[in-house]
Amino acid sequence: KALMLVGNNTVAKPFQLKVSNRKLIMNVLKKGGAFSIADISSATGISRQTVTKAIDHFIATKIVVSIGKGDSTDSGGKKPVLFSLTPELKFMVILTRVRYFTISLYSLAAEAAIAATERIPIPIQGSFDDFLRLIRQKSSDFMSDQNIAEEVIYGISLIVPGVVEGNQVLRFNPFNKNWGQDIPIAEKMNKLFEKAKVIFIDNISRVAGIGTIRNSANRFEYSRVVTLYTFEGIAGCLFHQGELISLSSPIIGEFGHMLIDPDSSIICNCGCYGCFEALVSPVSIRNRIQSEPDLESFLTFVGKPLNEILFCDIVSGSDRGFVCCIDELARLASYFARVFYNIAVVYDPDIFVIEGYYACYNRLFEDAVRDQLSNSIIIPPSRYYRLESDATPLEELELSGSIYKLKEHFFSDDTIYS
């Protein structure tokens, strides 16, 4: 009897081969829609007999169902039975931002949410356990409103700002000091949602980066890419040919905490002075331009008070020639250039993609960044870095990346296939 060779010319054991075949079959079903045994066999190159056994296994575990019969073949044979992922099974994504969270429901095979809550405020003074109790209450209310039993929620993803280690522990959240540090967040979630098969925890900037790459896969599939998530904090991800580079330390990608100006009097949420995200924050921008001679004219132009000015307003003002905005844009570009330089000497990406607040940059900003990078004697004159923006709303990127990672985590579990 012939033995199948797998990677490194090693012989595949029957169990390994069964799991491998079932993963290939599931990859077809994950695309969504209805498939016959013949469809799956043709798509995978796996025999119909093996496909039938795998489908029987998935039906027994309630992941796959028969949804009726398709059209008969051209030769007039029997109508084939069609199979799909069980539409009743759901995934839940709990997306936590700085001041609020949302809950969204997805079916096993769909990429778009089938239902979502409004924004739910996060209590400022509460502990992390208080926050989890609120999540549990609101999730129960939401499922009740949607007439969905908790038993059909197969996987739950909790996405949070801060440093997340190993999809298990929240090391630090700079926006809510009452939560404390080193929180065993996965363990706590498992106790709250005991019926869920999978609990997945991740960092909000990481899933946003995945959302950017997934939404523009053709543009980035052959490149080294750095995504830069800019909101009330700044962080990012490293990608190689469309795949997230998973590194050993959870702090890798916390670009907002690069020390850009150690002599600065501006203190960051992390307790250090001169961090990148503190220097480019809206508060810092407002403080720097508040004494500029043409400030009042600029504020009249944008129709906002100073305490509402954001980076996009600075961009608009620079386009109209306001000196306070042109000077501030040049200063901000210098901060970004220093961060890009620090990343470049470690990873040397082909493309930097800015998401969020700073995605609205203009040509003046881009040229200033390029000028500063080109002045380095370390980076060769021939080395060209593409600077791109992803203007997709951050919540869309976060949800897109969240559901992709949750499903990837769920479908990578070998127990599903054995």
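Let's start with helix H12, which lies across strand S11 (224-230), S12, strand S14 (351-356) and S15. H12 runs at about 145 degrees to S11. Some ground rules on those words. Helices (H or I, at least four residues) and strands (E, at least two) are DSSP runs, numbered from the N terminus. Axes are lines fitted to C-alpha atoms, for helices over the stretch in contact, and angles run from 0 to 180 degrees between N-to-C directions.

This is a predicted model, where local features need pLDDT of at least 70, side-chain atom pairs count only at pLDDT 80 or more, and totals for chains, interfaces and linings use all residues. Residues are numbered from 1 along each chain as its sequence is written, and side-chain values use heavy atoms, with hydrogens and water left out.

Now the sheet. Five strands form an open sheet, in the order S13-S12-S11-S14-S15, with mixed pairing. Pairing here means that DSSP finds at least two bridges between two strands. Which strands stand at the edges? Strand S13 (243-244) and strand S15 (386-390) do. Each has a single partner strand, so one side of each is left without a neighbour in the sheet. Strand S12 (residues 234-240) is joined to S13 by two bridges, and the two run antiparallel. Phe239 has Leu244 in S13 as its bridge partner.

Another pair of strands. Strand S1 (residues 64-69) and S2 pair in the antiparallel sense, over four bridges. Val64 has Leu85 in S2 as its bridge partner. Strand S2 (residues 81-85) has four of its five residues buried, so S2 is largely enclosed by the rest of the structure. Buried means under 20% relative accessible area, exposed means over 50%, and partly exposed is in between (1.4 Å probe, protein chains only).

Back to H12 and its helix neighbour. The axes of helix H12 (residues 323-347) and helix H13 (residues 363-374) come within 8 Å and cross at roughly 45 degrees. That makes H12 oblique to H13. The cut-offs: under 35 degrees is roughly parallel, over 145 roughly antiparallel, 65 to 115 roughly perpendicular, and the rest oblique. Who makes the contact? From H12, the residues include Ile326, Leu329, Phe336 and Tyr341. From H13, they include Leu364, Phe365 and Leu373. Contact means heavy atoms within 4.5 Å. By class, there are 13 nonpolar, two polar and no charged residues. Ala, Val, Leu, Ile, Met, Phe, Trp, Tyr, Cys and Pro count as nonpolar, Asp, Glu, Lys and Arg as charged, and the others, Gly among them, as polar.

Is Ile326 buried or partly exposed? Ile326 is partly exposed, with a relative accessible area of 32%. Ile326 touches Ser318, Gly321 and Leu364, not counting residues up to four places away in sequence.

Compare a loop residue. Asn173 sits in the loop between strand S9 (169-172) and helix H5 (185-192). Asn173 counts as buried, at 5% relative accessibility. With residues up to four places away in sequence not counted, Asn173 touches Pro161, Gly162 and Trp179.

The axes of helix H1 (residues 14-29) and helix H3 (residues 48-60) come within 10 Å and cross at roughly 75 degrees. H1 and H3 are therefore roughly perpendicular to each other. Among the residues that meet are Ile25 and Leu29 in H1, and Val51 and Phe58 in H3. This contact has seven nonpolar, three polar and two charged residues.
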